[in-house]
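Work through each task with the structure at hand before reading its solution.

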Amino acid sequence: MKLKSFDVIVIGAGVAGAAVAREMTKYALSVAVLEKNAEVACEVTKGTHAIVHAGLSVNPLTPLKNRGELMGAAMMGQLCADLDVKYQRIGKLLVAFDETQVAQLKALMQSAKRLGLMDIELIEDRSRLLEMEPNLNPDVIAALHTPNTGIVSPWGLVYGLLENAQDNGASVFVECAVTGIRWDAEAQRFLLDTRQGPFSAKYVVNAAGPFSDKVAAMVGDTSFQISLTRQEKVIFDKNYQGAVRHVVRMLNNMGAPGDFICPTVYGDLMAGVEVKPTDDFDACHTTQPGIEEHVLRSSARLIPTIPASAVIRPFSGVLNQCAGTGEFVIRSAPQLPRFLNFVLGGSGLTACYAMAQYLSLEVFPTVADAADLKTRGDFNPCRKDMPHVHDLEPEELAELIARDPRYGHVICRCETVTEGEIVEAIRRGARSVDGVKFRTRAGMGRCQGGFCGPRVIAILSRELQIPPEAVTKKGPGSYMVTALRDDHSVKGEAEHV
Amino acid sequence: MSKIITHETDLAIIGGGPAGLGAAIRAKASGVKNVLLIERSEELGGVLPQCIHNGFGLHYFKESLTGPAYTYKMLQDAQRAGVDFMTKTMAIRVDGENRITALNRDRLLEIRPKATILCMGCRERSFGALRIPGTRPAGIYTAGTAQRLINIEGKMPGKRVVILGSGDIGMIMARRLTLEGAKVLAVVEIMPFIGGLIRNEVQCLRDFHIPVYVSHTIKEVRGTDRIEKIVVTRVDQNRQYIPGTEIEFDADTLLISAGLIPENELSRMAGISMNAITGGPVVDNLWQTSTPGFFAGGNVVHVHDLADYASESAGMAAANAARYIDGDRSQDLDIEVAAGANIRYVVPNRISKLQETVSFYMRVTWPLADATVRIGDIYEKHFQFARPSEQIRIDLPTKELAHVHGQLIVSCEGERAV
């Protein structure tokens with residue numbers, strides 16, 4: 001296959017890679033993003049909790065991460081406004097049920113203030129707490145309020161960042177796993193072997209998240225190791241929209257922020273538990289004790305009015321961080337200054353933009369040719385999201401239907417997603433049922449795709465000009481349907497009766 | 001100029017399944033001048049066009065029909081009666097003042113009827129709501145979605161199938177998949193008895209030698225891209241896993257047939273009071289909801305056994321809506337109907353007006369033998385068997401109720417049969 005050459009190649013299309021790719025398009029450089037999956041934003045980003053932290057969990061051992069969290073939280077509003085991404089600064093209540101926990105809250109507040117988080121308040125007036133969060137467990141006696149905590153759509157942020165990067169000239173390649181990297185000292189370029197053939201680049205940014213240590217090892221960099229954590233969560237029915245107003249979180253046994261419940265930017269509620277170590281990236285599964293005894297018990301302790309029967313979906317996410325302190329790794333590989341590791345971790349969603357700027361404005365200039373530091377005059381920071389019928393005012397919707405009747409044809413009943421939106425999502429890069437689901441929310445609602453599933457398969461088949469049997473949930477192997485009466489005969493077998 | 005079109009009518013019916021069609025036909029027969037039925041799907045009939053098995057219509061048409069044939073006959077009656085239809089039209093908002101916002105490919109509409117009948121039917125309980133542990137690969141469908149894939153789209157959901165839940169659609173799909181060459185490895189039911197009708201248990205499972213596991217559930221789904229394994233376990237009386245009873249199936253597909261949930265998102269927007277057990281609106285014997293001008297019929301109120309009954313109950317709602325539109329709002333009774341011993345629910349929840357008869361629909365909580373259903377102390381009826389899967393209907397002459405005050409408790413006494 002023909003060699004594809006770029007100035008900058010970013011490996012990985014999660015929040016980290018997407019943020020870096022967009023920042024790098026501010027230079028007059030050609031940028032490509034290589035993603036191994038069929039869809040972008042479909043690993044760590046998809047399973048994250050969607051909370052933009054205010055910087056409460058600062059740790060003297062992780063200065064870069066602290067900076068990312070504090071600056072990231074402050075920058076997120078403007079970024080999301082530019083990129084037309086859903087974001088709400090709703091604040092967090094970290095609650096205490098007894099005097100010991102109140103003391104722990106006070107200690108947290110002191111250390112956070114020392115490291116620069118000023119916008120923080122301990123509320124011990126219970127009537128005020130119940131006014132702020134009416135369904136809060138009345139046993140809560142105090143809460144630490146950080147108004148800067150926000151919620152965002154993690155995948156929405158990736159779509160926004162990447163579409164904006166593409167508007168500014170970047171290219172995105174999916175199903176493009178990198179299998180090997182060589183440095184050609186003579187040509188002063190990296191050669192990358194991928195599932196889509198060879199690529200070459202002057203600079204490589206390793207934003208491969210949970211796989212970033214393996215990618216770094218391809219160029220002999222073994223200076224950091226990734227450790228994995230997993231987190232089980234549930235989504236509650238939209239009927240409970242408004243029942244929780246803040247990110248409400250309890251303290252764990254160590255006196256640190258633990259299990260939580262919060263609204264999402266889409267109007268449903270999410271509850272989850274603190275992260276637990278795992279050694280298996282495929283540990284993206286839920287467990288009975290995890291969901292029944294942990295997530296649901298904690299959410300009921302925080303907000304007792306939301307019953308377990310309101311769960312529409314349990315899920316689990318695997319998150320990566322650098323082993324040890326969990327400090328971000330944003331630096332060149334030893335002996336290869338132009339191979340830049342960009343490895344975030346916990347708080348990566350909050351920090352991605354601030355840290356991408358750190359890489360592009362502080363690290364990159366120390367390794368780049370002076371000629372490569374020329375900025376583009378025509379960088380456009382803004383991107384417009386596709387229409388979402390559910391969010392439109394009646395007059396806007398009527399206008400849209402008049403322009404394109406497909407926006408009047410509802411496909412997903414629960415989330416009111418139309419044919420027009422699904423077609424537009426495919427135009428913007430969705431290649432699978434999950435790609436459509438995360439871009440449009442078709443199938444994310446309470447019936448979980450029961451009604452729209454066959455119709456989404458049919459639209460993907462029509463728009464991508466592939467047979468329905470070739471439509472997948474999330475890339476190769478995850479086929480949705482098979483042909484009627486094919487020759488794949490089924491042999492009889494032992495029946496356990 | 002606003003692009004939102006206002007549409008005035010006497011009666012709006014939301015949903016064009018067996019209930020909506022039954023309501024539309026009866027409304028016209030009761031003299032309502034303008035009847036507008038809106039349906040979000042491409043075709044009328046609700047789920048019936050994909051129900052290619054027979055057994056529909058035995059009560060309503062006195063003959064056994066397939067789902068499409070039942071739809072066709074109802075549609076002909078409705079068209080002859082002069083009902084206005086809008087398909088591919090979805091109501092997205094309803095307010096308590098009887099204003100309905102709906103959209104289709106042509107326009108955004110505001111429909112302003114004098115009365116509305118809610119006939120949105122029900123949806124299937126999803127895999128997510130069951131909180132089954134494991135991964136989330138491709139190959140998980142509700143039984144009804146699989147039915148659509150095979151019977152409408154002409155595609156198979158997979159080849160080696162486990163079905164969780166023994167509701168009627170699940171059993172019907174076990175047979176359908178077998179006929180289409182798939183292997184149904186197991187029907188798994190958490191209760192100690194089958195959830196659907198006996199006739200389906202016999203005709204769909206036993207006649208096709210499909211293995212049934214009652215008092216079992218799924219403990220784990222495995223697979224990254226597509227389902228690879230399904231782990232089934234026996235459960236005790238409290239539905240807790242019994243260790244050591246696991247069975248692993250090399251399945252590529254999981255179908256869920258674990259109950260139907262009335263679709264009442266629009267009803268909630270209209271401020272209508274809901275019944276926590278049925279999942280439907282609280283209704284009186286006129287099928288009126290708590291919000292004036294809103295009636296409800298069919299599966300949106302409570303899940304019926306047969307499409308015929310959904311058509312019939314929505315028809316009763318329509319006859320009363322016709323009187324409401326004519327200005328007859330009289331109510332002469334106020335009796336609360338409540339579920340007593342061994343009764344899961346009873347509909348209607350209230351009796352507000354003396355009419356010729358009141359039809360009580362109820363389900364028992366557990367299979368009972370030698371069962372006696374009592375309505376207060378004014379009526380009782382004996383049944384050899386009463387099963388949760390089989391709805392009990394009792395028509396009571398209203399004159400019996402004339403002397404009842406306050407509350408009427410419906411109960412059932414019998415021997416637990418499982």
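**Exercise 1: A salt bridge in chain B**

B:Arg123 and B:Glu263 form a salt bridge, with 2.7 Å between the closest N and O atoms; a salt bridge is a side-chain nitrogen of Lys or Arg within 4 Å of a carboxyl oxygen of Asp or Glu. The model is predicted: local features need pLDDT of at least 70, side-chain atom pairs count only at pLDDT 80 or more, and totals for chains, interfaces and linings use all residues. Residues are numbered from 1 along each chain as its sequence is written, chains are lettered from A in the order in which they are written, and side-chain values use heavy atoms, leaving out hydrogens and water.

Task: State which parts of chain B this pair ties together.

Solution. Step 1: B:Arg123 lies in strand E9 (residues 122-124). Step 2: B:Glu263 lies in the loop between strand E19 (260-262) and helix H7 (265-269), so the pair ties together parts 140 residues apart in sequence. Helices (H or I, at least four residues) and strands (E, at least two) are DSSP runs, numbered from the N terminus. Step 3: Both B:Arg123 and B:Glu263 are buried, that is, under 20% relative accessible area, with exposed over 50% and partly exposed in between (1.4 Å probe, protein chains only).

**Exercise 2: Cysteines**

Task: Determine how many disulfides the chains hold.

Solution. Step 1: A disulfide is a pair of cysteine sulfur atoms within 2.5 Å; the count over all chains is 0. Step 2: For A:Cys322, the nearest cysteine sulfur, that of A:Cys352, is 16 Å away.
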